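Colleague: Before I use any of the terms for this model, I would like to see each one set against its definition. Please take the questions in turn.

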Amino acid sequence: MTDHLQEPTSEVSQPELPSDPSPANDGGISPAAVSIATAGREAAKLVSSDKEGSSGHTQPLEARSDGAPEVPLEVVCDFDEPTHLKVMKWNHGKAELANYFDENGRRVQPGPIYSAIRKAVVLPNYPIRYGSTRTLFEAVRSRLEQQAELPQPTSSLLTYWVLMTWFADVLPLAPTLVITGNEYQADLLLRALACVCRYPMMLAGINPRTLRMLPTDSLLPTLLIYEARLSPAMQSLLHSSKAPGYFVPVRGRVQDLYCPKAIYIGGQVGPGLGGGAIHINLLPSTTASLKHPLPRRIVSGDQNRLLSYRVENYRKVRDADLALPTSFMPSTAAVAQVLAAVIVDDDELKQGVISLLASVDEQLREARRNSLESIIIEAVLGFCHEPDRHQVLVAEIGQTVNGIYQNLGERLQVSDEKVGHALKRLGLFTRRLGNKGRGLELTKDMQLLVHELARLHQGQAVFHDQPGCAYCQTFTAATD
Ligand SMILES: [Zn+2]
């Protein structure tokens with residue numbers, strides 16, 4: 001059963017591979033929830049330090065900016081002793097393992113952070129052949145499908161996301177995976193993801209303070225979070241850390257919390273994390289059954305193939321052209337671009353992400369269409385289309401908004417004050433219009449802005465109703 005797991009990639013430099021590249025202890029692994037307090041406290045990194053050890057200078061190896069090595073050194077675990085960590089150098093298709101490497105006068109070895117979390121994180125131990133991109137994709141997809149009992153479109157979309165976690169250090173965005181729905185299915189899914197994501201860490205009871213203790217700066221783990229009650233502060237932190245480069249202050253220094261995250265937020269479809277996220281809703285399965293954790297050798301096999309895919313294609317993904325024409329909203333288009341970028345040498349598979357994301361895009365449009373902001377835009381756009389209308393009062397917008405709600409069968413009624421705040425959030429700034437109250441001046445700039453917002457929130461179709469409006473014509477012509 002494990003024959004195919006034993007093959008090292010061609011041209012590997014290690015001549016004597018163990019017959020089974022997995023640890024002797026084959027007890028099931030359960031990537032247990034980490035106590036964040038212990039995981040994050042030992043702030044250290046995969047370090048390169050001066051050989052003399054005099055200055056104590058350290059720097060993370062996985063630099064994400066210009067300092068990124070051509071193919072980074074990887075931390076792997078030992079074949080026989082999985083808690084013993086090694087460093088792997090990948091050079092011209094060959095893997096070399098050692099306790100440390102001396103590079104440019106510096107010693108590079110796994111820092112204490114890896115030791116602290118090695119039990120929680122499943123590490124690969126050696127790159128092994130993965131076949132073609134499609135073979136690997138299909139292997140990961142069927143692993144997810146079996147372990148989490150998912151329908152095929154969902155397991156396919158998640159497979160793109162899994163491959164993305166292996167290249168997050170060279171991508172401009174790591175879309176957050178937001179999971180809602182059945183609690184049991186969500187648990188199965190997070191456990192399945194823990195087998196195939198890069199540096200997976202299963203976490204529970206997370207808050208902004210503990211999130212900041214994680215080694216996101218140096219390790220770039222994939223966080224698999226089970227948190228049914230997500231506070232607004234957490235939402236904001238998670239949302240801002242889906243792209244690299246936003247720093248949060250941590251004990252006298254700053255930290256980049258960027259890393260891939262999958263998060264279960266409970267049974268109800270929650271407030272959502274906005275754009276740049278992929279939302280999966282899990283329905284209860286009638287066939288779902290308790291599952292034993294996968295044997296470590298199986299997980300190691302998956303991890304080793306994925307490691308091989310990473311090191312062999314690192315440069316291609318890093319230098320990939322991110323352009324991918326879609327008709328999606330900008331945030332979904334960005335998700336599609338990074339998910340397609342991690343597919344190497346298979347254009348059909350690359351394009352496949354577009355049809356899978358169509359429903360994600362539609363959900364986002366739907367949520368936008370029904371939001372207060374969106375309905376306000378619809379109302380203001382209506383005033384822009386009234387002939388000889390030069391200004392509109394907040395109270396008039398409020399009346400129209402409440403009328404729209406009524407037509408939608410919503411009992412909700414909003415106050416003028418609430419409408420005023422929402423206008424401000426949209427960048428539509430009101431001013432006092434004589435003694436009638438506050439309102440908007442419908443200048444040319446204002447009308448243009450309202451049309452631009454309408455395009456973002458409601459899509460292109462909104463412009464087809466007003467053939468007489470010059471702005472609508474411009475926006476329609478722009479995409480025809
Ligand atoms: Zn118009």
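Colleague: In which sense do E3 and E4 pair, and over how many bridges?

Modeller: E3 and E4 pair in the antiparallel sense over five bridges. Two strands count as paired if DSSP finds at least two bridges between them. In E4, Glu-96 is the bridge partner of Lys-89. This is a predicted model, in which local features need pLDDT of at least 70, side-chain atom pairs count only at pLDDT 80 or more, and totals for chains, interfaces and linings use all residues. Residues are numbered from 1 along each chain as its sequence is written.

Colleague: What makes E2 and E4 edge strands?

Modeller: The open sheet has the order E2-E3-E4, with antiparallel pairing. E2 (74–77) and E4 (94–98) each have a single partner strand, so one side of each is left without a neighbour in the sheet. From one strand to the next the twist averages 40°. E2 pairs with E3 (residues 85–91) over four bridges, in the antiparallel sense; Met-88 in E3 is the bridge partner of Glu-74.

Colleague: Why is H12 called roughly perpendicular to H14?

Modeller: The axes of H12 (residues 372–384) and H14 (residues 416–425) come within 10 Å and cross at roughly 90°. That makes H12 roughly perpendicular to H14. The classes are: under 35 degrees roughly parallel, over 145 roughly antiparallel, 65 to 115 roughly perpendicular, and the rest oblique. Axes are lines fitted to C-alpha atoms, for helices over the stretch in contact, and angles run from 0 to 180 degrees between N-to-C directions.

Colleague: Which residues of H12 and H14 meet?

Modeller: Leu-372, Glu-373 and Ile-376 in H12 meet Val-419, Ala-422, Leu-423 and Arg-425 in H14. By class, this contact has five nonpolar, no polar and two charged residues. Contact requires C-beta atoms, placed from the backbone, within 7 Å. Ala, Val, Leu, Ile, Met, Phe, Trp, Tyr, Cys and Pro count as nonpolar, Asp, Glu, Lys and Arg as charged, and the others, Gly among them, as polar.

Colleague: Why are H12 and H15 called oblique?

Modeller: H12 and H15 (residues 444–458) pack at an angle of about 140°, with their axes 9 Å apart. The two helices are therefore oblique to each other. By class, the contact of H12 with H15 has seven nonpolar, four polar and two charged residues.

Colleague: Is Glu-149 buried or exposed?

Modeller: Glu-149 has 21 other C-beta atoms within 10 Å and is therefore buried. The cut-offs are 20 or more other C-beta atoms within 10 Å for buried, 12 or fewer for exposed, and partly exposed in between, with C-beta atoms placed from the backbone. Glu-149 lies in the loop between H4 (133–148) and H5 (152–165). Its phi is positive, about 55°, although it is not a glycine.

Colleague: And Asp-345, buried or exposed?

Modeller: Asp-345 counts as exposed, with 11 C-beta neighbours inside 10 Å. Asp-345 is in the loop between H10 (330–341) and H11 (347–370). Asp-345 is not a glycine, yet has a positive phi of about 60°. Most residues other than glycine have a negative phi.

Note on methods. Two residues are in contact if their C-beta atoms, placed from the backbone, lie within 7 Å.
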